[in-house]
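Work through the exercises below with the model open. Try each task before you read its solution.

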Amino acid sequence: MSRVGLVMGGGGVTGAAFHLGSLFSLRLATGWEPGAADVIVGTSSGAVIAALARSGHLDLDSVVGDVKGAAHLARLLDKIIYRRCKPAGVGRWVRHGILPGLRKPGIRLALGCPAPYTTAGIREWLERAIGEQANSWPDRPTTIVAYQLEGKHRVAFGTEGSPDAGLAAAVAASTAVPMLFAPVLIDGLHYVDGGVASGTNADLVLGSPEPLDLLIVTAPMASVEQRPDARFYEGIVDRLGGSALTAELDAIRTAWPETEIVVLRPDRSVLAETRPNPLDTAAALPTFLRTLRAMRRTLGSPEVWPVLERHLVRRKRRFPWIRPEKLATG
């Protein structure tokens, strides 16, 4: 059997919907179970889906339960994600955000700032969704990435030497977007969204003691396409995310030249739903549905399907969603 790694990057609410649509499509097309990956790395929204996959709860019942339409789903997600809290921590912001940010302006200027929301709702929802597994750690290699304010570095929860935390606590830390969510306190130290370090953190798979045969990366914030009415900042975000991911994949290819890599990114049709606001809960269901349609083309392409078939399909078969001549002609 091939050794398979799965990396899921950050991307907000619509990023989580993109991950779900991509993984559901992979499972339908190949029969492969994403939770069985030999290595899983999750950052921000990718951390949420990583926890569901590894705990065996990658299904719609676990994610949304009994919802009645898109509007009901949006209200449910608002209640889970956007739990109000009293903004606090000005001193922390000065120490870990403002002063370092003045020397080197950028996203770090916002680190540790008071925020209107807490990720406690996400943590509690995950505890309900996966039960006792939320307060322990999976037996198989699973990495959840956050950024530590005090040390000013990324922390890969689940790896050797990382803080002792349960899966739900690590996910809460990984999803604490600066300025929007308050930092998460674990063992006396503050953590924020792992996307501060990198949108994908794909290079962390190199911690595996053995090379992978296949690496699958879902990267909602590293698109190579642009929607026609894109806001000015969308291209900047994608270029930054794409640049970091390219460097990480270069490092992986250097260390493991035999590893095949498949990167799944949102195409223009998906971007029409995910942008301009990836944190919009009303866009979750449209993004998921549009991703399912887009993955029919992406996974069935002559560049992607033969790779998936080599590593994920136990019994050779035609790609079930497209005519066989498509594979022959491209």
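**Exercise 1.** Find out whether Arg275 and Glu234 are buried or exposed, then describe how their side chains meet.

*Solution.* Step 1: apply the cut-offs. Buried means under 20% relative accessible area, exposed over 50%, and partly exposed in between, with a 1.4 Å probe and protein chains only. Arg275 is buried, and Glu234 is buried too.

Step 1: look at the side chains. They form a salt bridge, with 3.6 Å from N to O. Such a bridge needs a side-chain nitrogen of Lys or Arg within 4 Å of a carboxyl oxygen of Asp or Glu.

Step 2: Arg275 sits in the loop between α9 and α10 and Glu234 in helix α8, so the bridge ties together parts 41 residues apart in sequence. Helices (H or I, at least four residues) and strands (E, at least two) are DSSP runs, numbered from the N terminus.

Step 3: widen the view. Arg227, Asp229, Glu234, Asp238 and Arg275 are linked in a network of salt bridges.

A note on the model: it is predicted, so local features need pLDDT of at least 70 and side-chain atom pairs pLDDT 80 or more, while totals for chains, interfaces and linings use all residues. Residues are numbered from 1 along each chain as its sequence is written, and side-chain values use heavy atoms, without hydrogens and water.

**Exercise 2.** Which kind of peptide bond joins Arg275 and Pro276?

*Solution.* Step 1: read omega. Its value is about 10°. Step 2: name the bond. It is a cis peptide bond. Most peptide bonds are trans. Step 4: locate Pro276. It belongs to the loop between α9 (268–274) and α10 (284–299).

**Exercise 3.** Describe the surroundings of Asp38, then its salt bridge.

*Solution.* Step 1: find Asp38 in the loop between α1 and β2 (39–43). Step 2: check its cover. Asp38 has a relative accessible area of 17%, so it is buried.

Step 1: list its contacts (heavy atoms within 4.5 Å). Leaving out residues up to four places away in sequence, Asp38 touches Ser2, Arg3, Val4, Arg54, Arg140, Pro141 and Leu212.

Step 2: pick out the charged partner. Asp38 makes a salt bridge with Arg140, with the closest N and O atoms 3.6 Å apart. The pair links distant parts of the chain, 102 residues apart, and Arg140 lies in the loop between α6 (120–130) and β5 (142–148). Arg140 has 36% relative accessibility, so it counts as partly exposed.

**Exercise 4.** Why does the length of helix α1 agree with its number of residues?

*Solution.* Step 1: count. Helix α1 runs over residues 12–30, which gives 19 residues. Step 2: work out the span. The rule is 1.5 Å times one less than the number of residues. The helix should therefore span 27 Å. Step 3: compare. Its end C-alpha atoms are 27 Å apart, so the two agree.

Step 1: check the cover and the end. In α1, 16 of the 19 residues are buried. Gly31 follows α1, with a positive phi near 85°.

**Exercise 5.** Compare the phi angles and cover of Met179 and Asn201.

*Solution.* Step 1: read phi. Met179 has a positive phi of about 80°, and Asn201 has one of about 55°. Neither is a glycine. Step 2: recall the rule. Most residues other than glycine have a negative phi.

Step 1: judge the cover. Met179 has 55% relative accessibility, so it counts as exposed. Asn201 has 0% relative accessible area, so it is buried.
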